[in-house]
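Biologist: I am new to reading interfaces and cavities. Could you walk me through them with the structure in view?

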There are 2 protein chains.
Amino acid sequence: MSVGTTVSRTDTTLRLADLRKLMAVHNIDVYIVPSEDAHQSEYIAPVDARRAFISGFTGSAGCAVITPTKASLSTDGRYFLQAEQELDTNWELLKQGLPDVPTWQEWALREAEGGKNVGVDASLISAAQAKSLAGKLKNRKGGELIGMDLNLIDSVWGEKQPERPKEALRILGLEFAGKSFADKLVEIRKDIEKNKGCGLIVSMLDEIAWLFNLRGNDIPYNPVFFSYAFITPTEAILYIDEAKITEKIRESLGETVTIKPYNAIFDDIKAFGEATATSDKKLLVTSSVSWALTKSVDENKISTIKAPIEASKAVKNETEVEGMRKAHIRDGAAQIQYFAWLEKVLLKGDIYDEVSAADKLEEFRKEKEHFVGLSFPTISSAGSNGAIIHYQPEKSTCARVEKDKIYLCDSGAQFLDGTTDSTRTLHYGTPTEEEKRSYTLVLKGHIAVARSVFPKGSSGFILDILARQYLWRAGLDYRHGTGHGVGSFLNVHEGPIGIGTRMQYNEVPLEVGMFISNEPGYYEDGKYGIRIENVVLVVEKETPNNFGDKKYYGFETVTMVPMCKRLTDPSMLDEDEKKWLNEYHSEVYEKTKSFFKADDYTLEWLKRETSPV
Amino acid sequence: MSVGTTVSRTDTTLRLADLRKLMAVHNIDVYIVPSEDAHQSEYIAPVDARRAFISGFTGSAGCAVITPTKASLSTDGRYFLQAEQELDTNWELLKQGLPDVPTWQEWALREAEGGKNVGVDASLISAAQAKSLAGKLKNRKGGELIGMDLNLIDSVWGEKQPERPKEALRILGLEFAGKSFADKLVEIRKDIEKNKGCGLIVSMLDEIAWLFNLRGNDIPYNPVFFSYAFITPTEAILYIDEAKITEKIRESLGETVTIKPYNAIFDDIKAFGEATATSDKKLLVTSSVSWALTKSVDENKISTIKAPIEASKAVKNETEVEGMRKAHIRDGAAQIQYFAWLEKVLLKGDIYDEVSAADKLEEFRKEKEHFVGLSFPTISSAGSNGAIIHYQPEKSTCARVEKDKIYLCDSGAQFLDGTTDSTRTLHYGTPTEEEKRSYTLVLKGHIAVARSVFPKGSSGFILDILARQYLWRAGLDYRHGTGHGVGSFLNVHEGPIGIGTRMQYNEVPLEVGMFISNEPGYYEDGKYGIRIENVVLVVEKETPNNFGDKKYYGFETVTMVPMCKRLTDPSMLDEDEKKWLNEYHSEVYEKTKSFFKADDYTLEWLKRETSPV
């Protein structure tokens, strides 16, 4: 899944004037406004939407750079159209990836030539990014890169800036977490020792939530809370708004955890760096740790390592695995109710738009045990809207769902025992031959990934071609990845694994216990979008041989929702593919039928949709 | 294909004693003996087999490091057994890839601790390797890395060292090269300009041969000659044993080329570096250029670029493409004669061993037009020898070819119009079910690569899984790459492309006009080896759509030899695979039948082997 927004233009003239006054006061010639928060979160809270505030551009990716006379906004191909519609004439749009278009770094470097000062809030940029930019500035005879403690956008925004969320915490019991905080801490400390560290800074919000078995609600759809953690061989400090720490939470953490205010980490790290300056051991950070956190410490004292918590978190324990399976069955039941209901109302001629339909899906989900909320805004898209990959319908402008148009629904939920994410593409009338052909090519790719067997040590990078091969043969493709890691009652997009062409995916082997999405698609601009997404679990496969004693892995599909029969052309499937589809449908039926004991209509619909091809 | 050798142990005691005396004279505490020549050639001439001379280990990969009291030889898994058999007790074997085994660099660093001097012939190590090693020496408080002009092994070897080959050059006419030296020079100069260079050092022998449209015979099976080249915007200098430059060759190069002695490049580069020291433009080198060539030049003056000649050479022009197609048809005809003949003699009960059989194959090849020689030593292997991937039979020890054992034959030739390389695995009796299953799994992978369609910009890295997927499903695999680039009357292994898991393959997209091998295999140790290898050409594919206006590419198979019917289980092939196999066989028949007009036996054999499944 991916998310987007509606489009309207903001007049940024006054905001920019205010910002430029502040830049002059602070002696800043070029000011950088990244889109990330201080935790390099993929999705941010409204309080952190500084780049959107200053530029008017609300997409999830992009960087703004402002000088006394110019302002540029750089973003990627997903957002060219939206940025053109949202930016006013104060802004120059830098379309990343087009020939001869500078990156924001290049643009900033050019503007900084001749010794200009470049400013950035040091908490919003990683140490590595800062180092690279400072080095280039030096080479290009620009001025200094100034990592500021103050955020100029916050000063311009003033009272109208939303407050930092103060949502209550929730303790995730062992029955859902499967492993105690104390046990996790023991492992992390082993990692610290292995990496010859004297301490580890943790700044990613989902890593902190996982480590402490706590959940929050500070970022929409992401059950995380604003905090930092600092772990040493003897101490574990959680930096957080202390008001959130109730007696019960205090108890759940045990006596070994020290609670300190959210921003106290900055002084602590500085003091720790000084106190351990002569130690052989290093202060361990990950690539997402901000420049603000590390700039007070001698560079030689810092060692950047692969995030050990991210790696541990990605491999779900038995309790989490079982929870994910169950959550996906419940979630599947809600989707089955929804798609059966949708067929009934559409065939009856009732009128539903993309938003009111999605609301009904949420109703079905809410009834299910352990439901907490959605895991991202539902992508409920009819006809040509389905071709907008990060489409998000808005009540005022959205389209009507129609029985004769392809309907793409990408949705998911947060349950106490797991996070779900799946996409079904449906048709309730008579699809065209072209629509069936496209759907079946996507389905063949989906099945190829689902059925794949690969030696232990293989990464998701190498599986990507399996999903695309049939589309390629037809000269077709899709412009997004094939899979992303999924959290367990955590973020729906979770590192470090993925199936796709990003080189970083090749650095992480798939391990038993990891959950990843399998979501090939095809998008015919202006006509329709197709995506078929299941969440799958990496499992060991029984193979007739075990060459090299390697162990061979594959996937178990945990999403339990039928594929669309009307859109499937069985003549394009080979025997192995039909067998997979029939076995999957039989499993969907068996695992979800008990939800429809008092709902004959849905049960009949399910029977029909899961009958063998 | 890959090559190997027979095994015998050399007593290195006296050689090592002589070397240690010289080390003392030159104040060297740790001496490194790489296996490469001064051109980083994959295969070397006997004169350059210094590492084999000093250690006794004759494998193609490995590095020796000698101290006053110790000697280590590091090599990879292909050679563990051979190294154990060849090394005497003076040597410690470092098995690369096994846990807790140091690399040769780590071993050398440990021995150098406390300020010891580390010496190496600077012409045998690349500048990047030298820089990395020198940096680590400094960090580990070792001494200095000394890049020596003198080679101590040559001094020990003395008069018994083979001479540097002085084989005659051959002019490759336009009818084979397809593009004049002058035209190639224009393109290289464009690359130099694009890279802001004042000159380009060329040290790879096949790049020089390609650029000047000359061929030699200085390294067995590789039609190259010892030389360097230096190209500037106004000059083109060929450094070579001047005795090789006949009047005709002098003429063919035109007036723009300067000929200088082989070793004159070292002084020239030094002088050039000094003369251009204040220029903004850089001296361009590739990663294979030796430390000896660059150490006289200020580091800031040097820019390491991706080899432009290697990249141009990999994309064959129309003449070369047509030549490669024709050479493969001729070569296929020779193999067809051979495999038909082999069936006849084996069924008759005649006795042939792996070497005498291979000699017969060479006879058939020699009769063909434009034949120059073999492109590598024929891997003619019966039964369990086929499981030794780099097996090379020796007359005195080789096995008998038998009709009831799998026979694997990996062979190729140099023709004036192209280089060939293919492997067929045959059985002339009744193979077991297991043998047929293994063969057909390999064949399915071969066909999956041959039939693949992928968007322009894709690399061979991503195709590797297509070849392995059916083996993996059975818990099987093979421990080598799936494909390597092939030269045109040049080296049979040619960069920069490949199909396999090496990350560097992912950096180079496949382009129309490139030739690459498609050679999955399976090896059952102690029993048999299976490999099916064709050379394929990257071509543009007609697809029903052209999503993203990307263009879609695929392969045209140019090797023309039937697969083995007896080893193929048609029930394991799907309709698409059968269709590919039948079409391929029909093409093999049509393209080669004219060679057997006066050879009814072979024609009948070909008809039978290419009849539809």
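Biologist: Which element gives the most to the lining of the second largest cavity?

Modeller: Before that, a word on the model: it is predicted, with local features needing pLDDT of at least 70 and side-chain atom pairs counting only at pLDDT 80 or more, while totals for chains, interfaces and linings use all residues. Residues are numbered from 1 along each chain as its sequence is written, chains are lettered from A in the order in which they are written, and side-chain values use heavy atoms, with hydrogens and water left out.

Now the general idea: rolling a probe the size of a water molecule over the atoms shows where empty space is left. Here a cavity is a set of points on a 1 Å grid over the protein atoms alone where a 1.4 Å probe fits but cannot get out, and lining residues have an atom within 4 Å of a point. Your answer is E20(A), with three residues. Strand E20 (422–426) and helix H19 (600–609) of chain A are the elements that give two or more residues to this lining; strands are DSSP runs (E, at least two residues), as are helices (H or I, at least four), numbered from the N terminus.

Biologist: What is the volume of the second largest cavity, and which residues line it?

Modeller: Its volume is about 40 Å³, taken as the space filled by probe spheres set on the points, which are joined across faces, edges and corners. Among its lining residues are Arg424(A), Tyr439(A), Cys564(A), Trp605(A) and Glu609(A).

Biologist: Which residues line the largest cavity?

Modeller: Ile462(A) lines it together with Phe461(B), Asp464(B), Ile465(B), Trp472(B), Gly500(B) and Thr501(B). About 40 Å³ of space lies in this cavity.

Biologist: And how do I read an interface?

Modeller: The size of an interface is often given as the accessible area lost when the parts come together. Chain A and chain B bury about 2,600 Å² between them, 61% of it on carbon and sulfur atoms; the area is found with a 1.4 Å probe and summed over both parts. In chain A, Trp472(A), Arg473(A) and Phe547(A) lose the most area to chain B, together 27% of what that side buries.

Biologist: How many residues does each chain bring to the contact, and how many salt bridges are there?

Modeller: Chain A brings 32 residues and chain B brings 32 residues, where contact means heavy atoms within 4.5 Å. There are two salt bridges between the chains, each a side-chain nitrogen of Lys or Arg within 4 Å of a carboxyl oxygen of Asp or Glu. A salt bridge joins Lys550(A) and Asp477(B), at 2.6 Å from N to O.

Definitions and conventions: Buried area is the accessible area (1.4 Å probe) that two parts lose on being put together, summed over both. On a 1 Å grid over the protein atoms alone, a cavity is a set of points where a 1.4 Å probe fits but cannot get out, and a pocket is an open set with protein on both sides within 12 Å along at least five of seven lines; lining residues have an atom within 4 Å of a point.
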